[in-house]
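Hi,

Here is the structure I promised to pass on.

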Amino acid sequence: ELEESEKFYVGQPRVLLLIYALYNTLVARSEMVCYFVIILNHMISASMITLVLPILIFLWAMLSVPRPSKRFWMTAIVYTEVAIVIKYFFQFGFFPWNKHVDYTKDKPYHPPNIIGIEKKEGYVHYDLVQLLALFFHRSILKCHGLWDEDEKGDSSSNKEDTDDELSLTGGRRDSSASLKSVNLAASVESIHVHFPEQQTAIRRKSSSSISQLSHRLSEQILDTFKNINHTTLILYFLHCKLWAIKSHCGLCCFRTLQVYVPIRQFFYNLIHPDYSAVTDVYVLMFLADTVDFIIIVFGFWAFGKHSAAADITSSLSEDQVPEAFLVMVLIQFGTMVVDRALYLKKTVMGKVIFQVILVFGIHFWMFFILPGVTERKFSQNTVAQLWYFVKCVYFGLSAYQIRCGYPTRVLGNFLTKSYNYVNLFLFQGFRLVPFLTELRAVMDWVWTDTTLSLSSWICVEDIYAHIFILKCWRESEKRYPQPRGQKKKKVVKYGMGGMIIVLLICIVWFPLLFMSLIKSVAGITNKPLDVSITITLGGYQPIFTMSAQQNQLKSLDPNEFNEFLRSYRGNTAALQFLEGYAREDITRADLEGNSNSLWTISPPSRNKMIQGLLDFDADFTLVISWTIQRTLEEVYPYYIKAPSDSLAKPIKQLLRGMYCKWENITVSLVKNTSEEWWVLNQLGKRQKTPQESLELFIFSDKVSPPSLGFLAGYGIMGLYASVVLVIGKFVREFFSGISHSIMFEELPNVDRILKLCTDIFLVRETGELELEEDLYAKLIFLYRSPETMIKWTREKT
């Protein structure tokens, strides 16, 4: 029958087999499904009602050995059912806060929104899915006989006490059972308060039950706390029990101790386990923190106020550091440093305290502080939801690390466990991150017991990194050997050499390509918003001021643009200049000929100015510093270039030649009874208008996008100085000075040196600090003696 069943399942379609495999995975990890649904429900609801279970997951369920107890799952089921009933009850419209739902639904600090009793569509959908997942897991535990495991463990471990208690009367058994045990987690972590029965107590009368109970309680408490040498706590617990028999206040105190003592014992057993399945998930925790760090950098606007449209590049280009971004980065980096310190010190107690602080602190900040800072609910903040989910993964890994215990030995970098190309390139990339290698080395030296100085420690780390890289290259040479006397394959030459050639060419020509493409391909048209003309005669009051905005700034239509290009046919300099501009880059500004301000000048200055104008032999200057007469000839710049900076200049290429020159303007003074003003008129205009006016063509340079403005702002020479020359320096170091490192690079077999470095790590972890000094001295002597290095690195024969 088993063979027939195997043949039947093997013969099923692949899709059906995939469904079977997915279902088996779901059954095998049903508790993880429950955790995921609970966290998802809280991310969407983000209320105090749904906050309880995620905290219990990270501080109770995931810390339970070997698995969460029946009490936790019953707590989760009952709590979910009660939450559904409460939410349903508060959906009725007669509650005051349900009358203005549209007005209050997006307010993060509205009390019903915080509690989770607001009226909304689909208020209970995720709670029902959560309840379904919990019942599914309950059914899986029942099928495997794990649902009643706690009760079986209790009855078997305390069989004698149970048999003695059966001899008590019903009333006394009930009173004893009420104080018998408080099971907070699995049987390994539970506290059971038993009452050892004495033969003489069985024959006593009911009138002496109080004294008998007091006597039995003293023995029971001493037995319970035999692993906790806190005599004061024991005596206080006994005092509260005796007080509870006589007063209501004493009973409350005793009930409080009934809750406190099991919780304390739960964490005590967690920190001092009977056995420890040592594991190391620090790398996964570090990766989770790194992902959260990246989310903060690229989505920092989600953690601040009025910054939804901002991006980090534009903010940094303006030399501004957003406060929310700074706080989040510092907190995230600080937690990573503390986590590294706890990992190196291997202190489970510190990790437990850190876990409790982080769980409560992050949940309080994310669901009570952040909504007030951003003025939007957590459920409407997608970036914050993603950050919280990754942090929940970190909490799960931390709980697993606490439950299993830290490894007894931490040897080397996690990337140096195998010798292949993947580990080689990842390790070298790790070392290229600025200050990461240095920070890691210093932190390891601070939080690791050693007799080496900091410089000696860094020396060992550098030697180990160098030997590991050589080991990877030697292993690759063994996997892909090169026969003697044969030339290199074209795949290797064109693959490696061609890639390096392309890379070097890109680095050399990067500034030119970047500055050319950033404006021509990704450039944005920067049209002028205001064009102003001010003319001043000599040093007197300006005679003409006029501005053009909105409707007075017009773009050329296709016909006008083509006619404009034809007018410069044969002018090579002008055509070359116009190649860099499209039709949308040109703006025609029509300015009124009448000045928009009255000419206010004192009579003495006015008379002096008239005398100067009447003298044809004298020169009059403008602010732009050229010579003028009454009629201003070739002074008006018809074409203006508006570059990306603030300085606008005349376009000399378009103002040269017989028919392309600076325009003439006429200036006249108009008077009425008590006022006077100046009128200017351009003589040669493309748009012939009868009224006095000025015409101006503005060529606007394209500007780089805001996200790349900080890089384009350096210019071509700035990019060459800051990028090409710096990279060139590192490339030159790679290609020069090789002869000085031959004795340390060309090592045929590095296994012995690698083992010596590993031995230094091992004796350091075992506390043999004198032996660590000896091995370090041996390593230094080896690098000082070329002859010994040759002997140590020979191929094994």
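Let me start with H21 and H23, whose crossing is left-handed. Bear in mind that this is a predicted model. Two packed helices are described by the angle between their axes and the distance between the axes. Here, H21 covers residues 421-432 and H23 covers residues 454-479; they pack at about 150°, and their axes are 10 Å apart. Angles over 145 degrees count as roughly antiparallel, so H21 is roughly antiparallel to H23.

If you want to find the contact on screen, look on H21 for Tyr421, Asn423, Leu424, Phe427, Gln428 and Arg431. Their partners on H23 are Asp462, Ala465, Phe468, Ile469, Cys472, Trp473 and Ser476. Sorted by class, the contact of H21 with H23 comes to eight nonpolar, three polar and two charged residues.

The other pair is H16 (residues 282-298) with H20 (residues 382-404). Their axes come within 9 Å and cross at roughly 165°, which means H16 runs roughly antiparallel to H20. The crossing of H16 and H20 is left-handed.

On the H16 side, the contact includes Tyr282, Leu284, Met285, Ala288 and Val291, along with Asp289 and Asp292. From H20, among the residues taking part are Val383, Leu386, Trp387, Lys391, Tyr394 and Gln401. The residues where H16 meets H20 split into 13 nonpolar, two polar and three charged.

Cheers

Note on methods. Residues are numbered from 1 along each chain as its sequence is written. This is a predicted model: local features need pLDDT of at least 70, side-chain atom pairs count only at pLDDT 80 or more; totals for chains, interfaces and linings use all residues. Side-chain values use heavy atoms; hydrogens and water are left out. Axes are lines fitted to C-alpha atoms, for helices over the stretch in contact, and angles run from 0 to 180 degrees between N-to-C directions. Helices (H or I, at least four residues) and strands (E, at least two) are DSSP runs, numbered from the N terminus. Angles under 35 degrees count as roughly parallel, over 145 as roughly antiparallel, 65 to 115 as roughly perpendicular and the rest as oblique. A crossing is left-handed if the near helix is turned anticlockwise from the far one by less than a right angle, and right-handed if clockwise. Contact means heavy atoms within 4.5 Å. Ala, Val, Leu, Ile, Met, Phe, Trp, Tyr, Cys and Pro count as nonpolar, Asp, Glu, Lys and Arg as charged, and the others, Gly among them, as polar.
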